[in-house]
Amino acid sequence: MILSVTMNPSVDISYTLDTLKLNTVNRSDQTKKTAGGKGLNVARVISLMGEQVIATGFLGGTIGLFIEEELAKNQIENAFYKIDQESRNCIAILHEGQQTEILEAGPILTKADAEQFLIKFSNLLNSADIVTISGSLPQGIDADIYQEMIRMGNSVDVVTILDCSGEALRFALESLEKPFLIKPNQEELGQLLGEEISMDSATLKEVLHRPIFNGIPWIVVSMGADGGFVKCGEDFFQVEIPKINVVNPVGSGDATVAGLAVAIQQKKNASDILKTAMTTGILNTMQAGTGYIEMEKFQEYINQVKVTII
């Protein structure tokens with residue numbers, strides 16, 4: 001079983017407008033509401049790939065109930081720690097080829113909430129093979145909680161895949177307990193190292209050999225339309241993807257994480273793990289919805305992904 005963690009889930013609401021007008025009323029006849037948050041996107045894709053997944057994290061209020069209902073429609077099991085506050089809404093206004101976002105901060109939690117969640121997380125680890133940990137933390141939760149979750153997973157030989165940024169990522173990398181896999185992009189690498197990072201293979205080889213990355217078996221660097229650059233043990237891989245008609249790139253990184261988790265769960269070799277992950281990322285960009293793929297197209301596109309050892 002794969003356990004997908006979303007600590008700060010949301011209802012994602014999108015409004016489509018011809019033109020966004022300020023200081024007046026805007027009316028939209030195209031509105032969409034989905035269960036959102038990076039880990040929930042991961043969970044949806046894992047489920048679409050036919051693997052068992054359980055979604056967990058913090059959830060509360062009527063917004064939380066809506067999220068549970070949406071997961072049930074997708075036949076995704078959940079085991080959230082329930083809080084007495086409302087989970088958040090995240091609003092995207094699509095207008096004139098642009099996207100304007102309004103993101104609520106969400107609930108303010110406590111140390112006691114964190115402690116109770118970790119008890120629940122520990123119990124869920126008993127039936128998990130892989131844990132994916134994605135996205136930001138709610139207010140009030142210390143940035144080192146992911147570090148503790150990785151330690152807990154490692155203690156029972158559960159593979160941990162971490163997809164986050166900022167202080168939460170830094171804490172995890174500076175800990176003695178390392179995640180099995182991280183998936184930074186160019187911006188996240190730059191934030192972590194405090195410098196602008198070039199995405200050529202020579203530079204990335206040098207960067208991924210730096211001490212902060214020691215002890216992490218897999219580092220998958222997302223490169224958007226250029227595919228990815230990967231360090232697996234002492235080996236480096238360049239992954240090239242085909243050119244496609246992009247409908248909506250949002251959530252493609254989450255779909256990639258889902259593909260990584262499923263392929264690792266299925267014990268595929270390194271090349272096939274990367275091909276699977278890049279294919280799920282590609283398929284997500286071809287969908288209007290976030291965290292969705294058409295498995296009917298999987299074989300067509302996996303055959304077009306090229307993995308080269310550097």
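Keep in mind that the model is predicted.

I start with the sheet. It is open and has 4 strands, in the order β3-β2-β7-β8, with mixed pairing. At the edges stand β3, residues 31-36, and β8, residues 98-103; each has a single partner strand, so one side of each has no neighbour in the sheet. On average, and ignoring direction, neighbouring strands here are turned by 20° against each other.

β7, residues 88-95, pairs with β8 in the antiparallel sense, over 6 bridges. Within that pairing, Ile-93 is opposite Thr-100 of β8. There is also a helix to mention: α2, residues 61-73, lies across β2, β3 and β7, and runs at about 85° to β3.

Next, the charged side chains. How many salt bridges does the structure hold? The count is 11. One of them joins Asp-254 and Lys-38, at 2.7 Å from N to O. These two residues are 216 apart in the chain, with Asp-254 in helix α8 and Lys-38 in helix α1. Is Asp-254 buried or exposed? Its relative accessibility is 3%, so Asp-254 counts as buried. Lys-38, at 32%, counts as partly exposed.

A second salt bridge links Arg-210 to Glu-195, with the closest N and O atoms 2.9 Å apart. Arg-210 sits in the loop between α7 and β12, and Glu-195 in the loop between α6 and α7, so the pair ties together parts 15 residues apart in sequence.

Last, Lys-297 and Glu-294 form a salt bridge whose closest N and O atoms are 3.7 Å apart. Lys-297 is partly exposed, at 28% relative accessible area, and Glu-294 is partly exposed at 31%.

How values were computed
Residues numbered from 1 in each chain as written. Predicted model: local features only at pLDDT ≥ 70, side-chain atom pairs only at ≥ 80, totals over all residues. Heavy atoms only, no water. Pairing = 2+ DSSP bridges. Axes fitted to C-alpha atoms, helices over the stretch in contact; angles between N-to-C directions. Contact = heavy atoms within 4.5 Å. Salt bridge = Lys/Arg side-chain N within 4 Å of Asp/Glu carboxyl O. Buried < 20%, exposed > 50% of the residue type's maximum accessible area, 1.4 Å probe, protein only.
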